[in-house]
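Dear colleague,

Please find below the structure that I am handing over to you. A short account of the findings follows it.

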Amino acid sequence: WTVSHGWGGAENLSYIPGEVGASAIQNIGAYGVEVKDIIHEVKAVDVETCESRTFRNAECRYGYRSSIFKHDWKGRYIVTSVVYRLQKSPELHLDYGNLRASLLGDDISIADVRKAVIEIRRSKLPEPDEYGSAGSFFMNPVIPTEQYEKLKSSYPDMPHYVVDDMHVKVPAGWLIDRCGWKGKSFGGAAVYEKQCLVLINKNNAKPNDVVALAEMIRKSVSDTYGIVINPEVNYIE
Ligand SMILES: Cc1cc2nc3c(=O)[nH]c(=O)nc-3n(C[C@H](O)[C@H](O)[C@H](O)COP(=O)(O)OP(=O)(O)OC[C@H]3O[C@@H](n4cnc5c(N)ncnc54)[C@H](O)[C@@H]3O)c2cc1C
């Protein structure tokens, strides 16, 4: 809707399934943009007092796939609306993954970005009616730059994105792939062939199949690289 009305800012987040309320809880992100970049304020109801409260962006303490609603105030607020701040002539964010390579010419519109993002996502992620999944199962680990530099001498092709002067983010999918997990399964759960960051329900997976597979992957990445990867998904008992 925003792209079709010429409002830019959310185009890189195209095709992420989910509702507005969760976007503000999860700080959803893709292709170099996080929803925190366009959130102005979040309105929520306190489940203890039933009072409404408005949170300014800074009060939500956004981080990578994280917000205050997932930590200090977990379970305390129900988001009822989100105000996004969009722009008519936004700065385009194209330098993430293979986004720029899939866009031709200099005169690139937000509609072009949206189309490219959707095409890339369709080529890499399972459609929900094909295989059930939670999207990215693990968060991309953020590690000290010093640790990355040491690993780079053994693994020169390890990709990374600079987070700040002291930290880099390493794609968890790459780590999982290099540990040989592509297509491997446990029970009915499997590592998606086209994107190792995604665990799929391949054949009537039980919750324990998914958890066991995830734990085996975590251990193998930790044993190989000394990097701990953590689930992005919530486990509900
Ligand atoms: C195929 C696929 C691809 C995906 N790709 C991405 C991606 O690229 N980037 C990304 O960031 N995520 C991605 N995801 C994950 C998912 O889309 C997001 O986490 C999304 O925000 C989930 O939305 P939902 O409405 O289903 O929320 P749920 O999964 O139902 O909830 C997420 C969390 O938010 C809480 N919550 C939900 N609504 C509210 C509310 N109104 N008030 C308070 N708390 C609430 C829930 O309790 C839960 O803790 C992907 C998922 C799939 C299946």
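Two strands are said to pair if DSSP finds at least two bridges between them. Helices (H or I, at least four residues) and strands (E, at least two) are DSSP runs, numbered from the N terminus. This is a predicted model, in which local features need pLDDT of at least 70, side-chain atom pairs count only at pLDDT 80 or more, and totals for chains, interfaces and linings use all residues. Residues are numbered from 1 along each chain as its sequence is written, and side-chain values use heavy atoms, with hydrogens and water left out.

I begin with the sheet. In strand S9, Val168 is the bridge partner of Ile143. Strands S7 and S9 (residues 167-169) pair in the antiparallel sense over three bridges. The open sheet has three strands in the order S7-S9-S8, with antiparallel pairing. Its edge strands, S7 (142-144) and S8 (161-162), each pair on one side only.

A nitrogen atom of the ligand lies 2.8 Å from a polar backbone atom of Val79, within the limit for a polar contact (a pair of N or O atoms within 3.5 Å). The elements that give two or more residues to the shell around the ligand are helix H1 (20-26) and strands S1 (29-30), S5 (77-84) and S6 (132-136). Helix H1 provides the largest share of this shell, four residues. A backbone N or O atom of Gly29 is 2.8 Å from a nitrogen atom of the ligand, and a polar side-chain atom of Arg65 is 3.2 Å from an oxygen atom of the ligand.

Yours sincerely

Terms used:
A polar contact is a pair of N or O atoms within 3.5 Å; within protein, one must be able to donate a hydrogen and the other to accept it, and residues adjacent in sequence count only if both atoms are side-chain atoms.
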